[in-house]
Amino acid sequence: MKTTHLIIIVCLVFVLFSCDSKIKNIKQLYSETDTTEIADGGTLVVGVRSEPESLNPLTALSQTSRNIISLIFRRLADLNEDLATFTPQLAKKWSFSSDSMSLIFHLRTDVLWHDNIPFTATDVIYNYQMQINPDVAWDGISYKDNIASVQSPNDSTVIFTFHKKSLSMLMDAVEGYIVPKHILEHDPPEKMHESSFNRHPVGTGPFRFLGWKDQQTVTLIKNSSYYETGKPHLDRIIFKIVPDNLNLLTQLKAGEVDLVEGIYPKDFQGIIKNWDEGKSSVRPVSYVGRRYDFIGWNLIDPDTYQEAIQNEISEIKINEYIKPNKLFGSQKVRCALTMAIDREALTNAVNFGMALTMDGPVPPILAAYNEDANIHWYYDPRQALKLLSEEGWIDSDKDGILDKDGVAFEFEMVTENGNVRWEQVATIIQDQLGKIGIRVTPRLVEPALLYGKMLPSKDFDAVVIGWVVGLTMDLAPLFHSSSFFTPFHFTGYHSLRYDSLDSASKNTLDPKAAQQYYNNIARLLSYELPYTWLYYRLECSAIHGRFKNVKSDKRGMYINLEDWWIPLDERNRIDKLFEG
Amino acid sequence: MISIILKRVLDSVPTIIIGITLTFLIVHLAPGDPGIRFLDPSQSPEIQQVIQKRFGLNEPLYIQYWNWVKRVLFHFDFGNSFYNGKPSSEVLRSALLPTILLAGCALVFALITGILLGILAAIRSNTFTDRTITIIMMLFFSTPAFWLGIMFLGVFSIQLGWLPSSHLTSLYHDQLNTIGRFTDYIKHLFLPVLTLGLPLAATFFRYIRSGVIEALRSDYILGARARGIGHNKILFRYCLKNSLLPIISLLGVIIPALLSGAVIVEVIFSLPGMGRTMVSAVFGRDYPIILAASILAFFAVVAGNLIADITYSIIDPRIRYQTRKNS
């Protein structure tokens, strides 16, 4: 019996050591610096949670669609990591006219659509016409507000003329992927969302569309006629739709998918641990992304807002008609609520360290971001109570809840049903505000009801949600009086000072002066607190270690996919099956 | 027989009309705006109006309903999906085939397993075999499908790696030969069919077991035995035929239940199908898809009951006779 035990122990030790040497091999294999020669071929399998709704840049909205589109189509120029300069793409160079009111783009003449028709200036003009057509309802239409006209003197030159000079003229001109006129001109603009092109796209990018199996996969293959010679290196990209998160992570670990984005921070910590310990070939990738979460306070009285809507009053009469919210109408109260929330603890608790605490409205990825411009409201419940008592909120009836004129300080905090992180945030805030005598009731609401009714009609007390920010600085849709009656301006914030700062920042041509305006905007909003900004999230992605030259930054994971490659000795079964 | 079918079909028309009208009202009156997902904070209110107009949501509800009824009745057009612009009929057609495949395989598996084990347990009534089978089947009967699916996934796909964890086919399905493709389908369908089929098999098992036991104890079986009829003939010709009657009436309920069960299985195993289509349509307020799928579901219920009635009357001629007599 003892001999049997000994044999088992020896075997176990052997197995453990074998595993350890294998672990070291994995780590060494995928941690090596790229010294070998770049090899073409191979397949990337990307795991995505939802099916793209359209692969037409004019109608697509979801992130999955946009990611796929970024590989099929090209813009005139791509924004660089500094978010200020651009790299030529379909335009080889550009220059301003002598009066600086026009931008002249010189297009590449060696670009072919995936159906081998040459790309020309007429495509660019058609794109502009479609982008500004309200019937198409392109989601980037506001970028084109300042453009007066687009003309083409010849097939390789396009001239954008602007209404007024601004710092964002180049960005405004190049925003939007270019679609082929020769295919889409047959579809009327009002039927663009039903066009067959949406599921059979033809672009000019490094990968061309191959096939779409409903609810299963979207496949792209290498565009051999891509204008950047020698690229892309990968032969095929398959977007595999796996709605169940657990299943998706399992497939990532098993090597059935190579790349997954938007991993929950808790799961991401496990991936980091396994990679660091050399137990897994899945490499964690994180970068400062474009999402932040906040609490939005309703600054106005919902009843008077409804009356204002019925009477169709204009923005300039807001103060006359609309009363402030009885709880959150006061800046001091919002400040006290912000100070009563331990945002650092909250950030770490719900994000497992994968987020940065945020104090003001300018996202840290933008060049306009200046941490010193924000007013920092540190966690201080005592000071919060003092501020509330100055506003008349005291526990006069000794029931543990603050009150004023017989009204208890209690409110509902709504959030999106199904978003676990926001549900946790609301629960933590309920606990923290409860400690200073404020009764918060978290309420989980279905997204269509929250965004389709409650927020647009300003019929809520406080809301916990998040935004995905664009790559340009524009807070007007959220805080400017001109957008007061639009669905996303739900806090009811209105300030003449903000309006003038916003306009001034957009009208100046001096970057330094613009920065000064942005600083003042940050200071004003972080003082007035229409939102209590909570945290800025880090994007958590993971990719199999065999993919080389993978770069990612605030613009996303797909910024240089045409440069990714797989060493020949690291090709897997799927690579070989497709090659064979 | 044809008159019975026609009568049943005509009887079901008001049910379908009322059901569809109620569904239309419920989805349209539910708070929330399907157009909101198309809006970006930087877009103007005019774009919102364009989107409302695009989906026909700017009209009063009764006009929306009338337009929809006209389109469906006179043009057989169920409208285009708000989400991806595809015609609803096309969306449902591509989603229906995998669901029929999954539900059909699960039904066949459940019938075979339930009937065979039911007979085995009945003829070995109150023995170790009977008790073991009954306990196992009770476990499957009381286990929720989502739990069963996750367990199968964990054991057979993740731990053992024997079977694929998602989709109807492998990524390299098109690269395989005919036999390879067939095997590929079987491998991918095995766990989902098991997840959907086992609780159903347990349901059938209960009916068959008790039906066969009851029949074996009845006087007409005793009489048959006394006349020297063989055991197998008694079992399959007389006992089983009578025990199948409740199963047939159960089919009318089972078919819609299979479709709803497929929702969970399709999500767990990332299978394409009606379940996933319906869930995403409901969450996205995709009215055309919800309504078209509802019509299909109503038809499935009616068809299920109709099939049950017809089969019932074939197996038990007394029913046919009674119906004729009543009419």
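A:Arg236, A:Ile238 and A:Lys240 point one way from β10(A), A:Ile237, A:Phe239 and A:Ile241 point the other way, and all are buried. A residue is buried if 20 or more other C-beta atoms lie within 10 Å of its own, exposed if 12 or fewer, and partly exposed in between, with C-beta atoms placed from the backbone. This is a predicted model, in which local features need pLDDT of at least 70 and side-chain atom pairs count only at pLDDT 80 or more, while totals for chains, interfaces and linings use all residues. Residues are numbered from 1 along each chain as its sequence is written, and chains are lettered from A and ligands numbered from 1 in the order in which they are written.

Because 6 of the 6 residues of β10(A) are buried, the strand is largely enclosed by the rest of the structure. Helices (H or I, at least four residues) and strands (E, at least two) are DSSP runs, numbered from the N terminus. Two strands pair if DSSP finds at least two bridges between them. Strand β1 (residues 43-48) of chain A runs parallel to β10(A) and is joined to it by 6 bridges; here A:Gly47 has A:Lys240 as its bridge partner. Strand β9 (residues 217-222) of chain A pairs with β10(A) in the antiparallel sense, over 5 bridges, and A:Ile221 is bridged to A:Arg236.

Chain A as a whole holds 18 helices and 19 strands. Its C-alpha atoms fill a box of roughly 90 × 80 × 45 Å along the principal axes. The radius of gyration, taken over C-alpha atoms, is compared with a globule rule of 2.2 Å times the number of residues to the power 0.38. For 580 residues a compact globule would have a value near 25 Å, and the 27 Å of chain A agrees. Buried residues make up 43% of the 580 residues in chain A. A:Pro118 lies in the loop between β5 (102-107) and α3 (121-131) of chain A and counts as exposed because it has 12 C-beta neighbours inside 10 Å.

Two residues are in contact if their C-beta atoms, placed from the backbone, lie within 7 Å. By that criterion, 41 residues of chain A are in contact with 37 residues of chain B. On the side of chain A that touches chain B, β10 (236-241), α6 (245-254), α14 (447-454), α15 (476-479) and α18 (573-579) each supply at least two residues. The most comes from α14(A), with 5 residues.

Chain B has 12 helices and 0 strands. Its C-alpha trace spans about 85 × 60 × 40 Å along the principal axes, and buried residues make up 35% of its 327 residues.

Helix α9 (residues 231-268) of chain B spans only 45 Å between its end C-alpha atoms, whereas a straight helix of 38 residues would span 56 Å at 1.5 Å a residue. The expected span is 1.5 Å times one less than the number of residues. α9(B) bends by about 40 degrees at B:Gly252, and a proline, B:Pro256, follows within four residues. The bend at a residue is the angle between axes fitted to the seven residues ending there and the seven starting there. Buried residues of α9(B) include B:Cys239, B:Ile247, B:Ile254 and B:Val265. Among the elements covering the buried residues of α9(B) are α4 (88-123), α7 (178-216) and α11 (287-315) of chain B. After α9(B) comes B:Ser270, with a positive phi near 50 degrees.
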